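Please read the points below with the sequence and the coordinates open beside you. They are meant as a colleague's working note.

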Amino acid sequence: MRQGSCICAACKIEIKDDLCRFCILRDVDDNPMVLHFHYFAPCWDFERFTKQYANFTFEKGGFSCNEKTTFTQENVTHMQSNIEMWIS
Ligand SMILES: [Zn+2]
């Protein structure tokens, strides 16, 4: 669950959707950096992402939703296990 507002790293617009993506990266000095993205393309573009953040280590990726959104365990498992949701 996310709190407050977050800005999309791609389009620089505040994310007001119920669902967005987040990634935790580490820079060369091992400092963590959290990025949020609108869920859908063009904001989420895996190829562009890997080029743009080529110098960073990818630590974690996930989905963030607001408190009003309810997911079944099945939805969550699907989102956690389906790599195609990230690279397609
Ligand atoms: Zn965006």
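Is R26 buried, partly exposed or exposed? With a relative accessibility of 22%, R26 counts as partly exposed, where buried means under 20% relative accessible area, exposed means over 50%, and partly exposed lies in between (1.4 Å probe, protein chains only).

1. Basis of the note. This is a predicted model, in which local features need pLDDT of at least 70 and side-chain atom pairs count only at pLDDT 80 or more, while totals for chains, interfaces and linings use all residues. Residues are numbered from 1 along each chain as its sequence is written, and side-chain values use heavy atoms, with hydrogens and water left out.

2. Salt bridges around R26. A salt bridge is taken here as a side-chain nitrogen of Lys or Arg within 4 Å of a carboxyl oxygen of Asp or Glu, and by this rule the count comes to 3. R26 is paired with D30, with the closest N and O atoms 4.0 Å apart, and R26 also meets E59, at 2.3 Å from N to O.

3. The side chains of K51 and E47 meet in a salt bridge, at 3.8 Å from N to O, and both residues lie in helix 1 (residues 46–52), 4 residues apart, which is about one turn of the helix. K51 is exposed, with a relative accessible area of 63%, and E47 also counts as exposed, at 53%. Returning to the other pairs, shared partners join R26, D30 and E59 into one network of salt bridges.

4. Cysteines. With a disulfide defined as a pair of cysteine sulfur atoms within 2.5 Å, a search of the whole structure finds 0 of them. C6 is in no disulfide, and its nearest cysteine sulfur, that of C20, is 4.5 Å away. For C23, which is also in no disulfide, the nearest cysteine sulfur is again that of C20, at 10.0 Å. C6 is buried, because its relative accessibility is 9%, and C23 is buried at 0%.

5. H38 belongs to strand 2 (residues 32–38) and is buried, with a relative accessible area of 13%. Leaving aside neighbours within four places in sequence, H38 is in contact (heavy atoms within 4.5 Å) with C8, C11, I13, E14, I15, D17, R21, C43 and W44.

6. A nonpolar patch. On the surface, F46, I83 and I87 form a nonpolar patch with about 270 Å² of accessible area together. Patches are made of residues with over 30% relative accessible area and no salt bridge, like charges being joined within 9 Å and nonpolar side chains (Val, Leu, Ile, Met, Phe, Trp, Tyr) within 5 Å; accessible areas come from the Shrake-Rupley method with a 1.4 Å probe, and for residues only the protein chains shown count as cover.

Key: Helices (H or I, at least four residues) and strands (E, at least two) are DSSP runs, numbered from the N terminus.
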